[in-house]
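Please consider the following model together with its sequence. The explanation below moves from the sheet to the helices and then to individual residues.

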Amino acid sequence: MRFAQWLDQNAFTAETIDPTASLDDLAPLRAMIGDARVVAIGESAHHVREFYLLRHRLLRFLVERCGFTVYAFEAPYVEAEAVDAWVYGGPGTIAELTAPNTMDLTHCPEMHDTLAWLRDYNTTTNHPVRFAGTLAGNGGGSPLPELQKVADYLRRADPDALPLLDRAITAAGTYHAADPMRAIHNYLTVDQAVRDTVTANLSRLHARLESMAARPPAGWAAAMTYLRGAWLVDHLHRDMAGQGLATGTTPLDAFIAESVLQRLELDPTAKIVLAVHNVHLRTTEVDHDGPAGLFPAGYHLRNALGDAYLAIAATGNHGQIAAGAVDADEPTGFQYTEHQLPEPRPDSIEAAFEATTALTIADLRAARPDIDDAAAFQSFRQNDHFLGVAVFDALDAVAYLPHLHTTAQPAAPHS
């Protein structure tokens, strides 16, 4: 049987992605979710309205019907802590806490609605849901937010190590920017001595904290996570400057996975909905010409969790998306422009989908024993182009939304 035929006969479909609709029609998804402790719901491009709506609806289902307890989002690890406090009933407005450039992917009406639902839900349940960021350095930008958190810990637990941290903070401050791409541009212009100061002192601090692992003081685990985030961002920066190992963005993926796994370790009852781009949730190694492996977050999560990790890529075939490109002349160092989606490549997973219903979800694991053309699917959409990947190896399921539209910004505030 061909996969396209299997889709017609077996794929799950729903008539709406409205987050406020009844959840009863999603009940068949329980079999696909099984005993997963981490369900990753992706997107083929950022800033797409339908992907936010899909995630909101599936989040409701996973929380209300399947007992999930954390919404881990592609947002800065440190800054997301204030959003987590807000969904627990904390002060402020969500518009202030999700300001653009620092919390860019959360600053849209659809995401504000999701966070407002979390806040409302948490007032009516005995099992509140946490919100968590997963990006170190705001997605590879400045390590200062993480380093300032480490400073709070060292003042209490290890003041002798503060001079190392102070040197790293002073040096990193010379290229700090709220916008991640602007911080990277700044890093590329600073003196080599500044870069070496950050790397040397972060490495010494990393060794210092690791030496305490056998009998860690209170707060050590959180401080180590902050420091690893800054340390991994520095590896990314050195690679981009042509001075480190060719790691690409995989230090960011490593932190996404580590932040999720740490939550599972600290709370054995936790079940996490992870919302990241499809390139992060895939489970197979990145193809490249270098001697060392490059691994997305999903690769680490699959290795650690096995079948308790479920990777659902979301995609579509028609409409517009906002594709970004590096632009040093822009204040943020990055420029988004709207593009029409190109026709699906013949070898793409999208080429198999022709459904017009609001949502189609195909469980690739269930399909594989029954189809004879799994090897034909060797790419999926990545923003406005296609990424080569053996789809049936890299993904567990595909959520197909026929029509995509960019989000409206700025978002209307929720108080």
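This is a predicted model: local features need pLDDT of at least 70, side-chain atom pairs count only at pLDDT 80 or more; totals for chains, interfaces and linings use all residues.

Residues are numbered from 1 along each chain as its sequence is written, and side-chain values use heavy atoms, with hydrogens and water left out.

The description begins with the sheet. Eight strands form an open sheet of mixed pairing, in the order β1-β9-β12-β6-β2-β5-β3-β4. Strands here are DSSP runs of E with at least two residues, and helices are runs of H or I with at least four, numbered from the N terminus; two strands pair if DSSP finds at least two bridges between them. Within the sheet, β9 (residues 359-363) and β12 (residues 397-400) pair in the antiparallel sense over four bridges. Alanine 362 stands opposite valine 398 in β12.

Buried means under 20% relative accessible area, exposed means over 50%, and partly exposed lies in between (1.4 Å probe, protein chains only).

Two helix pairs illustrate the packing. Helices α11 (residues 192-210) and α12 (residues 220-240) pack at an angle of about 150 degrees, with their axes 10 Å apart. The two are therefore roughly antiparallel to each other. Axes are lines fitted to C-alpha atoms, for helices over the stretch in contact, and angles run from 0 to 180 degrees between N-to-C directions. Angles under 35 degrees count as roughly parallel, over 145 as roughly antiparallel, 65 to 115 as roughly perpendicular and the rest as oblique. The axes of α4 and α6 (residues 109-122) come within 8 Å and cross at roughly 45 degrees, and α4 and α6 are therefore oblique to each other. Their contact is made by Val83, Trp86 and Val87 of α4 with Leu115, Ala116, Leu118, Arg119 and Asn122 of α6, where contact means heavy atoms within 4.5 Å.

The account now turns to single residues. Tyrosine 77 is placed in the loop between β3 (70-76) and α4 (80-87), and at 12% relative accessibility tyrosine 77 counts as buried. Leaving aside neighbours within four places in sequence, tyrosine 77 is in contact with residues including Gly133, Thr134 and Leu135. Proline 143 is 66 residues from tyrosine 77 in sequence and 11 Å from it in space, C-alpha to C-alpha.

Histidine 277 is found in the loop between β5 (272-275) and α14 (278-281); it is buried, with a relative accessible area of 4%. Beyond neighbours within four places in sequence, the contacts of histidine 277 include Glu43, Arg55, Glu74 and Gln382. Threonine 407 lies in the segment after β13 (403-404) and is buried, with a relative accessible area of 13%. With the same exclusion of neighbours within four places in sequence, threonine 407 is in contact with His47, Val48, Arg49, Tyr52, Cys108 and Glu110.
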